[in-house]
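Subject: Handover of a structure and summary of findings

Dear colleague,

Please find the structure below for your use. My findings follow it.

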Amino acid sequence: MRRSMWLAPAVAALAAAWIIQAGGQEKPAPPKQEFGYVGSKACMMCHKNPERGDQYNKWLKDPHAKAYQTLAGEQAQKIATEKGLKTPANEAPECVRCHVTAWNAKPELLGKDYAKSEGVGCESCHGPAAQYRMVHQKDAAKAMTLGMIHPDEELCRGCHNEQSPTYKPFDYAKFSAVIAHPDPKKAAKK
Ligand code: HEC
Ligand code: HEC
Ligand code: HEC
Ligand code: HEC
C-alpha cells in the first residue's frame, strides 16, 4: 500500500516525460535523407536487354542523353550571349540546372561514375540510385523509401516549362511517347 503511493507519482512523472518526449519528437523534422547518384552506366548492365526494352540504348538515342552536349553548341551559346550570361552556356547554372542530372548536388553525393556529360540521365527521372540500385528488382516498395521515384507529368514539368528559353508547349502524352522505354514482357502481362 505504502509502496504504491510512492510509485504512483513516479509513474505519472515518467508518463509525463514520455508524452513530452514523444510530442517533442514530432517537432524537429528528421534530417532529409539525401541519396547518392551513380550515373546511367550503372543501369546499363541490366537494362540493355532488347527482350526487356533495352532502356539504356533507347535513352542514349533520346534527346536527354545529349542535353549537356547541346549546351556546348552554337544555338546554346547564342542564347547565353543574348541573355548576357558571363560564362559559356555549359557552365552557367541558368542553363545547366535543366540540362544535367544532379547539377546542384553536394559533391559527396556524386559517385565515381557520375558524369554531367550524360545530360539528363536515368536518375533525373527515376531518382538518385546509390541505395535502391540493387534493391528495386527485389523489393519495389522498399526502393521507394531509398530514393526511387515513379516519374509523372509534374516531374517532367520541372524542366519542361516556360523558364526554358526554347520552350515547346509540353504535352505529356506526346512527349512521353517520344522517350518511352517500356518492358515488352511486362506490357504483355498487363
Ligand atoms: C542488377 C540488375 C539491375 C540494375 C543494376 C538496375 N536494374 Fe532496374 N530493374 C532490374 C530488374 C530485374 C527489374 C524488374 C523487371 C521486372 O519488373 O520484371 C528492374 C526494374 C526497374 C524499373 C521498373 C520498376 C517498376 O517498379 O516498374 C526501373 C524504373 C528501373 N529498374 C530503373 C533502374 C535504374 C534507373 C537503374 C540504374 C540506376 C537500374 N534500374 C539498375 C534490374 C536492375
Ligand atoms: C532534368 C530536366 C528534365 C526532366 C525532368 C525531363 N526533361 Fe525532357 N528534356 C530536357 C532537356 C534539357 C531537353 C532538351 C535536350 C536537348 O535537345 O539537348 C529535353 C527534351 C525532351 C524531349 C524532346 C523535345 C523536342 O522535341 O525537342 C522530349 C520528348 C522530352 N524531353 C520528354 C520528357 C518527358 C516525357 C519527361 C518526364 C517523364 C521529361 N522529358 C523530363 C530536360 C528534362
Ligand atoms: C527550365 C529548364 C531549362 C532551362 C533553365 C534551360 N533549358 Fe534548354 N531546354 C530545356 C528543355 C525542356 C528543352 C527541350 C525543348 C523545350 O521545350 O524547350 C531544352 C532545349 C534546349 C536547346 C535545344 C533546342 C532545340 O530546339 O533543339 C538548347 C540549344 C537549349 N535548351 C539551350 C539552353 C540554354 C543556353 C540555357 C540557359 C540560358 C537553357 N537551355 C536553359 C529546359 C531548360
Ligand atoms: C526523362 C525521364 C526518363 C529518363 C531520363 C529515363 N526514364 Fe525510365 N521511365 C520514364 C517514364 C516516364 C517511365 C514510365 C513510367 C513508369 O513506369 O514509372 C519509365 C519507365 C522505366 C522502366 C519500366 C519499364 C516498364 O515497362 O516497366 C524502366 C526499367 C526504366 N524506365 C529504366 C530507365 C533507365 C535504365 C534509364 C536510363 C538509361 C531511364 N529509364 C531513363 C522516364 C525516364
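Which residues are the closest to ligand 1? Of the 14 residues that surround ligand 1, the closest are Cys 43, Cys 46, Cys 122, Ala 129 and Gln 137; a residue is near a molecule if its C-beta atom, placed from the backbone, lies within 6 Å of it. Two elements give two or more residues each to this shell, namely helix H2 (41-44) and helix H7 (122-126). Helices here are DSSP runs (H or I, at least four residues), numbered from the N terminus. By class, the shell holds eight nonpolar, four polar and two charged residues, where Ala, Val, Leu, Ile, Met, Phe, Trp, Tyr, Cys and Pro count as nonpolar, Asp, Glu, Lys and Arg as charged, and the others, Gly among them, as polar.

Please note that this is a predicted model, in which local features need pLDDT of at least 70 and side-chain atom pairs count only at pLDDT 80 or more, while totals for chains, interfaces and linings use all residues. Residues are numbered from 1 along each chain as its sequence is written, and chains are lettered from A and ligands numbered from 1 in the order in which they are written.

Ligand 2 has 21 residues around it, and Pro 63, Thr 70, Cys 156, Cys 159 and Val 178 come nearest. Helices H4 (67-70), H6 (93-99), H7, H9 (153-157) and H10 (172-179) each give two or more residues to its shell. H10 gives the most, with four residues. The shell around ligand 2 comprises 12 nonpolar, seven polar and two charged residues.

As to the fold, the protein has 11 helices and zero strands. Of its 190 residues, 19% count as buried (20 or more other C-beta atoms within 10 Å of a residue's own; exposed means 12 or fewer, and partly exposed in between).

The largest nonpolar core has nine residues, including Ala 67, Leu 71, Ala 76 and Val 120. Such a core is a set of buried Ala, Val, Leu, Ile, Met, Phe, Trp, Tyr and Cys residues joined through C-beta atoms within 7 Å. H4 and helix H5 (74-82) each supply at least two of its residues. A second, separate core of eight residues includes Val 38, Ala 42, Ala 129 and Met 148.

Finally, Cys 125 is found in H7 and is partly exposed, because 17 other C-beta atoms lie within 10 Å. Cys 125 and Pro 151 are 26 residues apart in sequence and 5.6 Å apart in space, C-alpha to C-alpha.

Yours sincerely
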